[in-house]
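Q: Could you walk me through this one before I set anything up? I'd like to go from the whole chain down to individual residues.

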Amino acid sequence: MSGTTLAAQIPEIWGKMINDFYKEELILADFFTDRSDELADGGDTIYTPNITEMTAHSKTNGSQVTLNANTDTNGTLTVNTWYECSFLIEDREAAQIKRSWNLVERYTKNAAFTIASVLESAIAGLFIGFSQSVGASTTNLADSDILNAIATLESNIKGNLYNGEVAFFFHPMTFWRQVQALDKFSLAQNSPVNDPTGKKPRYTLYGLPINVSVNVPYVSSTNGRVNLLAHKDAIHFATLALGAGGSMGAFVGANGIRTQAEYELSYVGTLVVSDIAYGVVENRDAAAVRILSHATKA
C-alpha cells in the first residue's frame with residue numbers, strides 16, 4: 001500500500017498553534033505629550049499659547065524703562081481623525097472554531113493593536129516636518145552627526161537636556177547597522193556596559209535614552225530614514241473620550257483606544273469594534289532635530 005492508495009485513511013490535522021502576525025513595539029505615544037485629559041469635558045481643538053522671550057534693555061538714570069511688547073502666537077491641536085478596526089463572527093462559525101485557539105480573544109487584541117499602531121504612525125509621520133537637521137539620507141550615521149544633533153538641541157532648549165524629557169528615536173536598521181557599527185558605542189573596551197557579543201547593549205547615547213521603532217519614517221522620495229532627537233514637548237497629541245457603549249460593555253485602554261463587543265441578532269453573531277479619535281501636531285519646532293541616515297547601510 002502507498003500514500004496514494006491510503007489517502008482516504010490519512011488524516012490532515014489542524015495543529016494546536018497559530019502563527020499570529022508580528023507586532024511592532026509601540027513607544028512614541030508613551031513618550032510625547034498627551035493632552036487628552038483637556039478634552040475630557042468635550043471639545044475638538046486645543047490652543048496652546050506660545051510665549052515669546054522678552055528682551056533686556058540697559059537702564060540709565062532719569063530715563064524711562066523700555067517696555068517689551070511681544071506679539072505672541074498660539075499652536076492648534078485639532079482632534080478630528082477617527083479610525084476603527086472591526087470583525088464579526090457568526091454563531092455557527094464560532095461553534096466550529098477550534099476552542100484551543102482562543103481565536104476571538106486573539107482577534108480582539110489584534111484589532112486593538114492595529115488601532116494603536118495608527119496613532120503611533122501618525123506621530124512618527126511628523127518627524128519629517130522639523131526644520132533642523134543633521135546627517136544625510138545617502139550616508140551612514142556618524143558620531144559627528146549625533147554630537148551635532150545634541151549640540152543643536154541643547155542650544156535650542158537652553159541646556160535642559162538631561163531632565164528625562166529628551167530621547168533619541170532610531171529605526172532598527174539605523175541603530176543596529178550604523179550606530180552599533182561605531183566602535184565608540186559597541187566595543188567593550190570603549191563602553192564596558194555595551195559588550196555586543198555578550199549582552200544586549202544599553203539603549204543610551206551620551207547619557208540620553210534611545211528608542212528603537214520600526215515606525216521611524218522614510219525621507220520623502222529617498223531611501224533614507226528620518227531619525228529624531230526630541231524633547232517630549234516637540235509633539236503633542238490628544239484622543240477623545242469616546243465613552244463605553246455596546247450591550248456587552250466596552251474597554252477603554254491606554255491612549256484612548258476603545259474596544260466594544262455587541263451581539264448582533266440580525267447577523268446572529270458577535271461584533272467587535274476597536275476605534276480611536278485622535279489628533280497630532282508638531283508643537284515646538286526647535287524642540288527636535290532630525291537625524292538623517294541611509295535606510296539600511298551605505
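Predicted model: local features only at pLDDT ≥ 70, side-chain atom pairs only at ≥ 80, totals over all residues.

Q: Where do K109 and E105 lie?

A: Both are in helix α3, which covers residues 103–124, and they are four residues apart, about one turn of the helix. An α-helix has 3.6 residues a turn, so residues three or four places apart point the same way.

Q: And K109, buried or exposed?

A: K109 is exposed, because its relative accessible area of 53% is over the 50% cut-off.

Q: How many salt bridges does the whole structure have?

A: A search of the whole structure finds seven. Among them is the one between D233 and R284, with the closest N and O atoms 3.6 Å apart. D233 sits in the loop between β9 (224–231) and β10, while R284 sits in the loop between β13 (269–282) and β14 (288–294), so this pair ties together parts that are 51 residues apart in sequence. R284 is partly exposed, at a relative accessible area of 49%.

Q: What about D275, which residue does it form a salt bridge with?

A: Its partner is R258, and the closest N and O atoms of that pair are 2.6 Å apart. D275 belongs to strand β13 and R258 to strand β12 (residues 258–264), so the pair ties together parts that are 17 residues apart in sequence. Both D275 and R258 are buried.

Q: OK, zooming out. How many helices and strands does the chain have?

A: The chain has six helices and 14 strands. Of its 298 residues, 38% are buried, and the chain exposes about 17,300 Å², with carbon and sulfur atoms supplying 53% of that area.

Q: What share of the contacts comes from residues 24 or more positions apart?

A: Taking the contacts in the chain with a separation of 6 or more, residues 24 or more positions apart account for 76% of them.

Q: Let's move to helix α4. How far apart are its end C-alpha atoms?

A: They are 20 Å apart, which agrees with the 20 Å that the 14 residues of α4 (residues 143–156) should span at 1.5 Å a residue.

Q: Which residues of α4 are buried?

A: The buried residues in α4 are D143, D145, I146, A149, I150 and L153. They cover an arc of only 165 degrees around the axis, which puts them on the same side of α4.

Q: D145 is an Asp, so what does it touch?

A: Not counting residues up to four places away in sequence, D145 touches V134, G135 and N140. Its relative accessible area is 12%, which makes D145 buried. The C-alpha atoms of D145 and S133, which are twelve residues apart along the chain, are separated by 9.4 Å.

Q: What follows α4?

A: α4 is followed by K158, whose phi is positive, near 60 degrees, in a residue other than glycine. K158 lies in the loop between α4 and β6 (166–170), and it is exposed, with a relative accessible area of 62%.

Q: And Y206, what is its phi near?

A: The phi of Y206 is near 50 degrees, again a positive value in a residue other than glycine. Y206 lies in the loop between β7 (204–205) and β8 (208–212), and it is partly exposed at a relative accessible area of 30%.

Q: Switching to T239. Where is it, and what is it in contact with?

A: T239 is in strand β10, residues 235–239, and it counts as buried at 4% relative accessibility. Leaving aside neighbours within four places in sequence, T239 is in contact with S36, L39, L119, N255, G256, I276, A277 and Y278.

Q: Last topic, the surface. Which residues form a nonpolar patch there?

A: M1, L6 and I10 form one, with about 350 Å² of accessible area together. L6 is placed in the segment before α1 (28–31), and with a relative accessible area of 31% it is partly exposed.

Definitions and conventions: Residues numbered from 1 in each chain as written. Heavy atoms only, no water. Patch = residues over 30% accessible without salt bridge, like charges linked within 9 Å, V, L, I, M, F, W, Y side chains within 5 Å. Areas by Shrake-Rupley, 256 points an atom, 1.4 Å probe, with all protein chains shown as cover. Salt bridge = Lys/Arg side-chain N within 4 Å of Asp/Glu carboxyl O. Helix = DSSP H or I, 4+ residues; strand = E, 2+ residues; numbered from the N terminus. Buried < 20%, exposed > 50% of the residue type's maximum accessible area, 1.4 Å probe, protein only. Expected span 1.5 Å × (residues − 1). Arc of directions from axis to C-beta. Contact = heavy atoms within 4.5 Å.
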